[in-house]
2 protein chains.
Amino acid sequence: MISLTEENYLKALFNLANHAGEVNVNELSKQLSIKMPTVTSMMKKLAEKKLVHYESYKPLRLTEKGKKEAGLVIRKHRLTEMFLVDKMGFGWEEVHDIAEQVEHVRSVVFFDKIDELLGFPKIDPHGAPIPDKNGKFAWIAYDKLSDCHAGETVRVSAVIHTSSEFLKFLNNREIRLGTKIKIKSVESFDGSMVVSYDNRSADTLSHTVCERLLVEKE
Amino acid sequence: MISLTEENYLKALFNLANHAGEVNVNELSKQLSIKMPTVTSMMKKLAEKKLVHYESYKPLRLTEKGKKEAGLVIRKHRLTEMFLVDKMGFGWEEVHDIAEQVEHVRSVVFFDKIDELLGFPKIDPHGAPIPDKNGKFAWIAYDKLSDCHAGETVRVSAVIHTSSEFLKFLNNREIRLGTKIKIKSVESFDGSMVVSYDNRSADTLSHTVCERLLVEKE
DNA sequence: CTACGATGTTAGATATACCTAACAAAATGT
DNA sequence: ACATTTTGTTAGGTATATCTAACATCGTAG
Ligand SMILES: [Mn+2]
Ligand SMILES: [Mn+2]
Ligand SMILES: [Mn+2]
Ligand SMILES: [Mn+2]
């Protein structure tokens with residue numbers, strides 16, 4: 001049995017993992033706002049449960065079992081977010097905190113029903129992939145808008161670091177998943193972009209914003 | 001702040017309260033499957049928080065504040081059950097255990113949205129009243145079917161002691177809220193009733209079943 | 001009216017999940 | 001290479017929510 005607390009650690013470990021699947025105690029501690037000694041002792045417990053590979057002073061890695069369990073929690077989180085947006089009428093900026101709680105509900109039928117009512121969605125309201133029932137992710141390779149060039153036309157496919165403030169900013173600019181953006185110019189000075197989309201003919205997006213928008217080239 | 005555990009105690013206290021609003025430690029202990037010493041110490045904590053009137057060896061009583069908080073938890077529980085049945089397609093026998101978890105979600109907008117999507121329902125899928133936003137109940141006086149007499153025609157308005165098994169039994173007999181029942185005869189021997197409803201012309205319902213069905217006379 | 005069974009409390013223990021203070025190891029910069 | 005900073009661990013403590021064993025009180029049946 002994996003506790004609510006353990007589920008949150010697994011999710012954070014998965015989300016922080018680098019290319020090599022490694023996470024430092026310090027990063028995890030900051031992510032969860034839990035002090036390092038507490039994290040260390042939880043890692044020892046998760047290692048006992050074969051969910052994490054733990055060796056003193058070495059980076060943390062999820063085991064295969066740990067990845068699967070993390071995937072299943074993320075699945076519940078993202079299905080919940082999608083349900084809140086598509087079936088209940090919440091904005092994409094409102095759903096994360098609610099999903100953070102609902103993801104811990106223990107009921108297979110509950111999430112199966114959500115999945116079914118949504119028509120077995122593959123992505124959540126922020127464009128992130130929803131893991132399958134085995135906790136497996138179908139990775140999709142998007143580009144950051146900040147890595148694109150003047151003259152290109154792209155479509156917004158996902159947002160990263162989805163704070164409520166950032167999402168409200170996008171709401172104000174009327175940028176959502178699917179918005180088709182033409183890059184008119186890029187300021188080499190600060191990386192900001194002048195773009196056009198929908199009825200807006202010349203909006204400026206800061207580098208900070210462009211880094212957080214994942215796009216597909218047309 | 002009221003913890004998940006405290007919410008469950010408050011709900012149980014409310015549901016067990018007799019005419020005088022009193023509950024014994026022993027009853028509460030059995031209801032929650034938690035040993036008496038644990039219950040005693042939790043009652044002291046709830047008394048500190050002004051949610052329960054506690055005196056050694058006296059029956060437990062919720063304070064006004066305690067009743068309000070209990071009402072609010074029951075509100076969340078029953079709104080959840082109604083949503084699961086009406087909007088998600090679960091059967092009334094499936095929803096209690098899921099609601100037992102979802103009721104602890106801390107989000108005013110979440111339950112407000114559920115309430116709105118349901119059209120501000122007054123009763124849950126088992127016919128129990130849904131408290132208002134101040135935790136106040138609108139009590140409705142129903143009769144037990146077992147207190148009715150041969151020749152009377154009644155409509156099923158609520159079910160009590162809503163175990164999954166009992167609700168599945170009612171599903172098999174095609175008895176639901178709103179079913180109009182004619183009492184053809186009552187066995188004085190064991191209190192069982194011969195009734196007709198819908199297409200069924202002579203079904204027998206045991207006293208145990210009749211006690212658990214709340215009805216309105218036509 | 002008292003003895004006994006039921007009910008309730010106290011005392012002390014355990015598990016989980018968190019903390020701070022102190023110490024140890026690793027990484028970094030001059 | 002060594003001092004300093006950053007990262008990580010150990011030791012020991014707290015709060016919550018549970019338990020069992022022992023003791024106390026209550027209610028009632030004889
Ligand atoms: Mn989220
Ligand atoms: Mn969470
Ligand atoms: Mn219920
Ligand atoms: Mn509950």
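**Interfaces within and between the chains, and contacts with DNA**

Across the interface of domain 2 of chain A and domain 3 of chain A, zero salt bridges were found, whereas four residue pairs are in polar contact there. On the side of domain 2 of chain A that touches domain 3 of chain A, the residues comprise three nonpolar, two polar and two charged ones. These values, like those that follow, were computed from a predicted model.

The two domains belong to a chain whose assignment gives three domains, namely domain 1 (4-62), domain 2 (71-140) and domain 3 (143-217) of chain A. Between domain 2 of chain A and domain 3 of chain A, the C-alpha centres are separated by 25 Å, and the contact draws on seven residues of domain 2 of chain A and 12 residues of domain 3 of chain A. The size of an interface is often expressed as the accessible area that is lost when the parts come together. For domain 2 of chain A and domain 3 of chain A, the buried area is about 720 Å², with 65% of it on carbon and sulfur atoms. Of the area that domain 2 of chain A buries against domain 3 of chain A, 79% is supplied by A:Trp92, A:Glu93 and A:His126, more than by any other three residues.

The contact between the two protein chains was examined in the same terms. Chain A and chain B bury about 1,400 Å² between them, and carbon and sulfur atoms give 74% of this area. The count of salt bridges between chain A and chain B is zero, while two residue pairs are in polar contact across this interface. On the side of chain A that touches chain B, the elements giving two or more residues are helix H4 (64-86), helix H5 (95-102) and helix H6 (108-117) of chain A, and the largest share, five residues, comes from H6(A). By class, this side of chain A has 11 nonpolar, four polar and three charged residues.

Attention then turned to the DNA. DNA strand C is surrounded by 21 residues, of which A:Lys45, B:Asn26, B:Thr40, B:Lys44 and B:Tyr54 are the closest. Sugar or phosphate accounts for 75% of the atoms of DNA strand C within 4 Å of the protein, and the rest belong to bases. The side chain of B:Thr40 has an N or O atom 2.7 Å from a phosphate oxygen of DNA strand C, and for the side chain of A:Tyr9 the corresponding distance to a phosphate oxygen of DNA strand C is 3.3 Å. A polar side-chain atom of A:Tyr57, by contrast, lies 3.5 Å from a sugar or linking oxygen of DNA strand C. Two or more residues of the surface near DNA strand C come from each of helix H1 (4-16) and helix H3 (36-48) of chain A and helix H2 (25-32) and helix H3 (36-48) of chain B.

Around DNA strand D there are 22 residues, and those that come nearest are A:Asn26, A:Thr40, A:Lys44, A:Tyr54 and B:Lys45. Of the atoms of DNA strand D that come within 4 Å of the protein, 75% belong to sugar and phosphate. A polar side-chain atom of A:Tyr54 lies 2.2 Å from a phosphate oxygen of DNA strand D, and an N or O atom in the side chain of A:Lys44 is 2.3 Å from a phosphate oxygen of DNA strand D. From chain B, the side chain of B:Ser3 places an N or O atom 2.8 Å from a phosphate oxygen of DNA strand D. H3(B) gives the most to the surface near DNA strand D, with five residues, and by class this surface has 10 nonpolar, nine polar and three charged residues.

Notes. Residues are numbered from 1 along each chain as its sequence is written. Chains are lettered from A and ligands numbered from 1 in the order in which they are written. This is a predicted model: local features need pLDDT of at least 70, side-chain atom pairs count only at pLDDT 80 or more; totals for chains, interfaces and linings use all residues. Side-chain values use heavy atoms; hydrogens and water are left out. Domain bounds come from an automatic or database domain assignment. Contact means heavy atoms within 4.5 Å. Buried area is the accessible area (1.4 Å probe) that two parts lose on being put together, summed over both. A salt bridge is a side-chain nitrogen of Lys or Arg within 4 Å of a carboxyl oxygen of Asp or Glu. A polar contact is a pair of N or O atoms within 3.5 Å; within protein, one must be able to donate a hydrogen and the other to accept it, and residues adjacent in sequence count only if both atoms are side-chain atoms. Ala, Val, Leu, Ile, Met, Phe, Trp, Tyr, Cys and Pro count as nonpolar, Asp, Glu, Lys and Arg as charged, and the others, Gly among them, as polar. A residue is near a molecule or strand if one of its heavy atoms lies within 4 Å of it. Helices (H or I, at least four residues) and strands (E, at least two) are DSSP runs, numbered from the N terminus.
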